[in-house]
Amino acid sequence: MIHVIAVDENPHTFTQLKTILGQDSRVRLDGFFTDAGGVLEHAQHHLIDFCLLSTDIPGMDSLSLGSRLLGIQPRLHIVMLATDTHSAYDAFRIHASGYLLKPISIQDLREQLDLYLQRAHMSHLLTAESRSVSIRCFGGFHCTVAGEPVKFRTAKAEELLALLVHYQGRPRSKDILVDKLWPNLPPEKSHNLFRVNCTYLRNAFSEKGVSDLLLRVRDSYSIDTDRVNCDLYRFRQAELSMTSLSANELEAIASIYCGEYLESQEYTWASSLKLPSFDIYKSIEYHLAELYSAQCEYKKAENVLLRVKSRDPYDEESVDRLIRFYLSTGSPRIAQNLYQDFTSLLSQALGASPSDKLTRPF
């Protein structure tokens, strides 16, 4: 899914974008902003893949705003919305990825989205074999260099790395990182601990022959994601290109999800990605099941759906998909038994009943 935002003074632009982007299953319009403060606040806390930024918002320097957005999210794909070619050419002063002339055409916008996907794909052509640093986030947190585990001097140095991985290359200020790592300590002590653990983190990689993995720009920190082979990042890429992957490729991506995001790590800040990661996993598996069904490989499709259900027996969506699968393949009795078993499970374990959205196979 491509996460898109738009910045423009005209509500009509928002209506137009909702209509155009609503026809593209690859895209989710996460926000429409008319002021710099709102979009900068959003960029600090949410992943943005693609930004449509108007060049002619009254009282706002769009080029400066674009530069600030790129400072927060360096991988952001900015496309300027211009009323004339003169202002459109200004877009390239901030290294924008392109421009569109208003009124926006469906074809032109789709071409920019296609270009974004092509660039995202190219950035991942640096294969796992050529990246010496490997980081696993699913089923726990584990880091190796050339196959050898990295030993961290303190648990907080390891957590700092996990937190920077969590932000997926987006720079975060020292104050934000300190607040996540030591929320209850006095500022002087927590900032001193941050400096010490940054040193420990750099030293841990330096001992393995890896330098400059931890990046610092002014008072913000990130990791160089181009040098890391990370299961979380492969998941994000798979979400963008899911419809173009083969069954074998989807199986390989699904197998990455070997447990909950940062499972067994007591990192309170990690909760924001636990459910979204599971949702990505489910969408990959569901697409795979549909692919197998279209190829009349029904047993494989059933196994995929059962695999999802085994991850979370209380997940109603996975049960509903299985029920509909059994009904569509001529197995109503199995669908009925599944419905009854799920109803009993909810009643006995949670004192609850299925929602009205669950397909009733009777």
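**Reading the strands, cores and rings**

Colleague: Let me begin with a bridge: which residue in strand 8 is the partner of Thr144?

Modeller: That's Pro149, and Val145 has Glu148 as its bridge partner in strand 8. Keep in mind that this is a predicted model, in which local features need pLDDT of at least 70, side-chain atom pairs count only at pLDDT 80 or more, and totals for chains, interfaces and linings use all residues. Numbering starts from 1 along each chain as its sequence is written, and side-chain values use heavy atoms, leaving out hydrogens and water.

Colleague: How do strand 7 and strand 8 pair, parallel or antiparallel?

Modeller: In general, strands of a sheet pair through backbone hydrogen bonds, either parallel or antiparallel. Here, strand 7 and strand 8 (residues 148–149) are antiparallel, with 2 bridges; pairing takes at least two DSSP bridges. Strands (E, at least two residues) and helices (H or I, at least four) are DSSP runs numbered from the N terminus. The hairpin of strand 7 and strand 8 has 2 residues between the strands, and Ala146 there has a positive phi near 55 degrees.

Colleague: And which residue stands opposite Cys143 of strand 7?

Modeller: Ile135 does. Strand 6 (residues 133–136) runs antiparallel to strand 7 (residues 142–145), joined by 4 bridges. In that hairpin 5 residues lie between the strands, and Gly139 takes a positive phi near 80 degrees.

Colleague: In what order do the strands of this open sheet come?

Modeller: The order of the 4 strands is 8-7-6-12, with mixed pairing.

Colleague: Next, the nonpolar cores. Which residues have the most contacts inside the largest one?

Modeller: The general idea is that in soluble globular proteins, nonpolar side chains tend to be buried together. A core here is a set of buried (under 20% relative accessible area, 1.4 Å probe, protein chains only) Ala, Val, Leu, Ile, Met, Phe, Trp, Tyr and Cys residues joined through side-chain atoms within 4.5 Å. The largest has 75 residues, and Ile135, Leu161 and Phe205 have the most contacts inside it. Helix 11 (residues 271–294) gives the largest share, 9 residues. A second, separate core of 20 residues includes Met60, Leu69, Ile72 and Ile78.

Colleague: What is Phe205 in contact with, beyond four places in sequence?

Modeller: Counting heavy atoms within 4.5 Å as contact, its partners include Val133, Cys143, Val145 and Leu161.

Colleague: What about helix 3: which of its residues are buried?

Modeller: In helix 3 (residues 62–72), they are Ser62, Leu63, Leu65, Gly66, Leu69, Leu70 and Ile72. Their cover includes strand 1 (2–7), helix 2 (36–45), strand 3 (50–54), strand 4 (77–82) and strand 9 (172–173).

Colleague: Last one: how many aromatic pairs are there?

Modeller: There are 14, counting Phe, Tyr and Trp (six-membered) rings with centres within 6.5 Å; planes under 30 degrees apart are stacked, over 60 edge-to-face, the rest tilted. Phe194 and Tyr221 are edge-to-face, at 5.0 Å centre to centre and 80 degrees between the planes. Phe194 lies in helix 8 (residues 187–206) and Tyr221 in strand 11 (residues 220–223), so the pair ties together parts 27 residues apart in sequence. Phe194 is buried at 1% relative accessible area, and Tyr221 is buried at 6%. Tyr257 and Phe278 make a tilted pair, 6.0 Å centre to centre with 40 degrees between the planes, and both are buried. Ring pairs also link them with Phe138, Phe235, Tyr261 and Tyr281 in a cluster.

Terms used. Buried < 20%, exposed > 50% of the residue type's maximum accessible area, 1.4 Å probe, protein only.
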